[in-house]
Amino acid sequence: MSRYYITTPIYYVKDAPHVGHAYTTVNADALARWHRLIDDDVFFLTGTDEHGQKVARAAEGEGLSPTEWTDRLAPRFASAWEDLAISNDDFIRTTEPRHRDAVQKFLGRIYENGHIFKDTYRGLYCVSCEQYYAPDELVDGDRCPIHHIPVEQLEEENYFFRLSAFQQPLIDWYEVNPTAVAPESKRNEALSFIRGGLRDISITRTSIDWGVRVPWDEKHVFYVWYDALVNYLTAIGYGADEERFGAWWPAVHHLIGKEILRFHCVWWPAMCMAAGIDPPAHVQVHGWLLLGGEKMSNSSVNQITPGDLIAEYGVDPVRYHLLRDIPLGSDGEFSAEGIAARYNTDLANNLGNLLSRVATVVGSKCGGLGPAPSADSRLAGVASAVLAEASQAWSAGQPNLALEATWQLIRETNAELEVAEPWKAEPGPDVDAVLGSALEVLRILSILLVPAMPATAEEVWRRIGLEGSPAQQRLPDAAAWGRYPAGRKVEKAPPLFPRRKTP
């Protein structure tokens, strides 16, 4: 059994979660569910980033202490993920004592290893990014390239991380580990930044006190990014359970948005090297979720909450749209028209129609009891090919291609029924063979749908008379053709996905 440790970024508790957060989290959840299906030992982490100047200012604006503010907002993220059927194994908050201890031990180790020193820092700082920028990185003279707000000039005594010492070690790491960052274009972007020359970076602040205290100098708190990145170590026992940490860290897979590539693919691996541990084994970088051509973020007005979408379309249709229509690695446009069109085409017309059609004809031709699948059905070969293609896509971190392959099996089965027209035929062996094979496809589909649409998978499984849960099945054995047991009661029920009017 292999281990698979998947993480999302931890999300700022500056506002309620929006669909951009949901995009990352649903993708991570789908990957976690897939790896459980193939019998990997999975640990899935998400959580909230609760320190830093941005959070402190947001709390002050509401007349609250940072603790009161974070205690109010963090549960909103946990609740949103519960509503979206997110199956995380841990939800970490950076204000937890376990995280404070891990941060102090990790950065303390870097300090002891001689890679942290004190100096004075002068720089241009974006509070919304919690990041310093060089003058040539700004837009319109003084504005952050991400949030388009004026940056602030800061000067203070800081501790610095000697990032410049890790330029060549990072280059060597990426050359020896060419798949450490995906897609390749993002690996090349990270390498280009590294080869352009690395400057030592400020890692503490004295002008704020909402953060983790520097253990060797209590006047300082760690800059929020160096606190936040350590969450990936905290959750698997860094500094507290070295055996557990040693088992899980080599299996880590970070899923991040492209705007934080520099933190995760330059700073973070260098920090790991400085602390004496391996850099993260794999970072999957995705593009932005766009609305009207602009990135969706807490700092903009173009927010749509996961709850709004769930109320309108339901949980699984929202999950399906985010996974199917926006490939990991590319920017993708989000729209109500897009989700409604996908709902009607793929869910109502294809999947829903297949289930309704089979249940209806089994009721009229087979007394409501499902017949056995045909061993020599053409669909057996289609199902085998689809399983191989979907498995490859899920393993490569490409949910959209995995779902495209899965829907090919649905389309082929609908086409087979159109040719055979069992609803026009007299009951008998030929009709049984066609319907039994269609039920076997639905059984296999139930399993393949678990990562993207867990509730739908359970409902299809139940309606075709099967016991247990598709999520409990293990691939590839569970998808072997011919396992649908004849004689099960097939339920004729209302449409799984009633058609909707397009906005």
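Me: Which residues of H11 meet Val-315, Pro-317 and Val-318 in H12?
Reply: This is a predicted model, in which local features need pLDDT of at least 70, side-chain atom pairs count only at pLDDT 80 or more, and totals for chains, interfaces and linings use all residues. Residues are numbered from 1 along each chain as its sequence is written, and side-chain values use heavy atoms, with hydrogens and water left out. Helices (H or I, at least four residues) and strands (E, at least two) are DSSP runs numbered from the N terminus, and contact means heavy atoms within 4.5 Å. On the H11 side, the residues are Leu-309, Ile-310 and Tyr-313.

Me: At what angle do H11 and H12 pack?
Reply: Two packed helices are described by the angle between their axes and the distance between the axes. Axes are lines fitted to C-alpha atoms, for helices over the stretch in contact, and angles run from 0 to 180 degrees between N-to-C directions. For H11 (residues 306-313) and H12 (residues 315-324), the axes are 7 Å apart and the angle is about 115 degrees.

Me: How far apart are the end C-alpha atoms of H4?
Reply: The expected span of a helix is 1.5 Å times one less than its number of residues. H4 (residues 97-112) has 16 residues and should therefore span 22 Å, which agrees with its end C-alpha atoms being apart by 22 Å.

Me: In which order do the four strands of the open sheet lie?
Reply: Two strands pair if DSSP finds at least two bridges between them. The pairing here is antiparallel, and the edge strands, S6 (131-133) and S9 (201-202), each pair on one side only. The order is S6-S5-S7-S9.
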